[in-house]
Every structure is written in C-alpha cells, then in structure tokens.
Amino acid sequence: MAGGAAAQGDVMIRFDGVTKRYRRQSPHRGLKQRLLGGREPAAWTTALCDVSLEVRRGEALAVVGRNGSGKSTALALAAGVIRPTSGGVERRGRVGPLLALGAGVHPDLTGRENVELSGVLLGLTRREVRQRFGAIHDFSELGDDVDQPVRHYSSGMLARLAFSVASHLEPEVLIVDEVLAVGDAAFADKCHRRITQQRAGGLTMLYVSHDVHAVMALCDRAMYLDGGRSVAEGEPAAVCRRYYADQGLEPAF
Amino acid sequence: MPAAWPRRVEYAVDLLAVLVLKELRVRYKRTVLGYAWSLLQPLAFAVVFYVVFKYFFRFQAEVDYRLFLVCGLFAWQWYANAVTGATMALIGNGPLITKVNFPRVYAVLSGFMNDLVHYLLALPVVFGFMLAFGYGPRVSWLWLLPMLLVVQSALVLGLALLLATLNLFLRDLERLVTIGVLMQFHLTPVVYPESYIPERFGWLMLANPMAGLVIGWRDALLFGTVDGPLLGAAAAWAAGLLGLGAWVFAVQQKRFAEVV
C-alpha cells in the first residue's frame, strides 16, 4: 500500500495491453459432467482485448459501452479482484470498493453492521469506521432503517448505503459501477455533488455509467468499449456521441 | 513502512473480527436460542446415543457412559461443523470476493475461528459434567489440552483450506464431504470405546486422524494421559493436510473471483 501521499500527476491505475479471457463453463460443473463429459475443448470468451489506459491522480475516467462490452471486467481488474490473462495492471493507493448494487452487502446484516463490514474489508480499522459512522449515516438519510436488515431495503436504499460507505472511506481511487442510477433524483444529485467536492480534493475516479450526462458532468475523459476493445477515448462529450451514434441513437447533448 | 506495524496488526485483528461476527450474526439471525444451539445439538445427540447404546445395546463401560459421550462429542462436533462449513467458506463469501480485494485467507480463517471459539465455549460444559461425576482437573492438562487444540486446529484448518478451494471447482464436494464426515463419525470411537475395535481394524485408527484426537481428548480429560503413537499419527496427518491445504489455496487464490 502506498504509505505517503502520492504527488499530483502520479499514475494511479495503468493498464498495459490488458487482455482478459474467461473460460466458458457449463453453469454447474459437477462430478457428472467431469466423469461423463470427457475432455471437451475449452471455450474461451474474450471480455477485454488489448486495452491500455492510464488514470492519473485527480483524474476521473469514465468507461462507457453497451452491456457485455467489458466495462465491469475492466473495473474488476482495476480493483485488483481479478488478474489479467495477459498484459499488466498497475495500481497504487487505496483503491475504493467496486460499487455496484448490493456489492459486498450481506442481506442478513443490518445497515449498520454492513457499514462496519465493508469499511473494514476496504482497509479501515473498526475504530476508523466508527469515527466515520455518523457522517455515513447522515449522508445516507436512512434514519432508523440503518438498524434494519439490508434484506428489507429497496434498491434505492441499497444504493444510498453503498455510496455513503464508499464515499466516506476516503479511498484514493474510487471505483463506481452504475450505482447512482438507482437512487432518486435528489440523492443522485447529492452523490454528484459529493463526487465533485471530493474530486476537488484530489480523488481519482473510475466511473461506469450509462448516464452520459453524469459522465460528461463528472469525468475528464471517457473510454468507449465495444466488444472488449477500446474504440474511442478522449473528451467525454465526443466519446459519448460516438457511443450513441453506434447504437443508432440521436445524441441530445 | 515505519510505524505501520501496530495499525497492521490492529487491522488484521479487525478484519478477522468483523468476518467472524458476520458469520455469527448470520448463523444465529432469527433464531431464538442463538448460541445455545451449539451446545444443545451435541447434548441432544448425547441423549439419543445414551438411550440407544446404554439401554438397547446394554453397553457397559468403565466410566459413566454420559460422561464418556460428552468428552468426545464436542470435539467431534467442532471437527464436523468446521469441515462441512468450510466447503462454503469461499462460495458463501462470493459477493465479497468478487467485489473487494481483501486477503482471501480471511474468508476461511473466519469460519475456522468461529468453530474454534464455539468449541472453547463448550469446554466449560464438559468440565461441568466432569465435576458432576467426580472428575477433577489435572496438572497434565496444562500441556495436553493446548497440544490437542493445536493438533486439531491444524487438521481442521488444513482441511478447510483444501475443501473451500476445491469446492469452487467441483461443487459436488459439498455432498461428498457431508457423506464422508458422517461415515467417518461411525468409524471414529466417539460413541463407543476404542477397545471395541478388533485388532485387525487397528490400522483404521491410524488412518483416521479424528480417532487419535477424540481418544486423545477423552483420555486427557478423564485420566490426564494421551496415547502417544495415536496422537502422533493424528499430528502427522494434521501437518500434512495443513501443508497441502495451504499450498492448494495459495496456488489457486488468484482465480477465486473468477470461479466463485
């Protein structure tokens, strides 16, 4: 882990010709298939193909693309949860959670218990989590529901919990995967303000969203993935227009 | 990293603590009796075994059969719960493993700690039974009990690492382990004394590390002695399985997020 504060302009995430293949598998590889299926040739899916990118300290990079284009694989690689098949991934600093709906949230635990669990999983000690709990709780606007099992939460409430935890853990790199879309407009707006404020404080961000307006408002650069390849990279508005055009949509921005 | 040690130790302890707490909370959520279940289950089985073997089989033993059962059952329970639970240690934590990059070994360690703590909390109940039947503590416990704890911990942890990993690749393992543990129970002298095992099956006691451990716990608790060669065989198994489990886990752990 990076002990000292990294200087402005440091590369926080670097992908160097990253390719990720998954072995395609029958849904439940059981003993039966193993014994009776013989050796079927391995089938591979290429989720990401020769992608290079760099995110410097204080930058926000958006990743756009259709479902299945490799966005989530890219985020999982950046979070260090999976390893590339070939190419190199370098990360530095405390990389915040892979924020996706219900990620790392245990349904049987209460909101409060989940805050502690995710906080510690993300690298804070319990004391540090406790110090931040008030702020997290306030930001989430969950009120007394924070002591209810997360099982009873609506997806909007889950999004509130997830974002509140992630944004208060002071990660050096925040990874956001399509979480704000579920909250109501007021909360989405609050999240955007929080991100803007933290970005001013030097937060680095990797952001996946289908909301092109959010991408343009929050990010400095965008990358458009199609079929696992990076087909466009640069200024968010231009990349988003290309993304819309490829889908036969009229960009209204 | 200077001065980072105290925080790293604090962090490691906290990570283990929140994961153990999570297991406990999830396990006992919505149960009225909560932790008491970990005592009630073996005691309920003890009652059934007592009735069956004492009254149906007219079983005679040198120590009171109730005490005999209690001295071995909790150790067995620890092993059985930990080993069956271990198959789910990684799969059950799938949502965490695919989203957060924390040291994966904690997913297994938390389950292991959970069952270890349950056993330690059950030991006073065993001591209570012993006192009730007129057996007191012994000086040799000072080294025998820690030794048994270490050997059984190594065995359980080794199997847990191995089974948690392999179950990701072969999901049938859960079923096989459940069946295997039940079979092993019948081959382990938990409800009958080892003296009932004919000599030509003696090798089974060496091939089954839980035989040495259950006999070890019982002898240590009741008489303050252990059977050296038998416990030695169990210790050899434990060391071997811990090494194998740690190796398999270490080799495969970078793939966990993809296969879970």
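Modeller: A crossing of two helices is right-handed if the near helix is turned clockwise from the far one by less than a right angle, and left-handed if anticlockwise. This model is predicted, so to speak: local features need pLDDT of at least 70 and side-chain atom pairs 80 or more, while totals for chains, interfaces and linings use all residues. Residues count from 1 along each chain as written, with chains lettered from A and ligands numbered from 1 in written order.

Colleague: Which hand has the crossing of α5(B) and α6(B)?

Modeller: Right-handed. Helices here are DSSP runs (H or I, at least four residues), numbered from the N terminus. The axes of α5 (residues 105-132) and α6 (residues 141-169) of chain B come within 10 Å and cross at roughly 145°; axes are lines fitted to C-alpha atoms over the stretch in contact, with angles from 0 to 180 degrees between N-to-C directions.

Colleague: Which residues make the contact?

Modeller: From α5(B), B:Val108, B:Gly111, B:Phe112 and B:Leu116; the α6(B) residues include B:Val156 and B:Leu161. Contact needs C-beta atoms, placed from the backbone, within 7 Å. The contact has eight nonpolar, two polar and no charged residues (Ala, Val, Leu, Ile, Met, Phe, Trp, Tyr, Cys and Pro are nonpolar, Asp, Glu, Lys and Arg charged, the others polar, Gly among them).

Colleague: At what angle do α2(B) and α3(B) cross?

Modeller: Roughly 135°, for residues 37-56 and 65-86, with axes coming within 10 Å. B:Phe45 and B:Phe49 of α2(B) and B:Leu69 and B:Leu73 of α3(B) are among the contact residues, which divide into 11 nonpolar, one polar and two charged.

How values were computed. Helix = DSSP H or I, 4+ residues; strand = E, 2+ residues; numbered from the N terminus. Contact = placed C-beta atoms within 7 Å.
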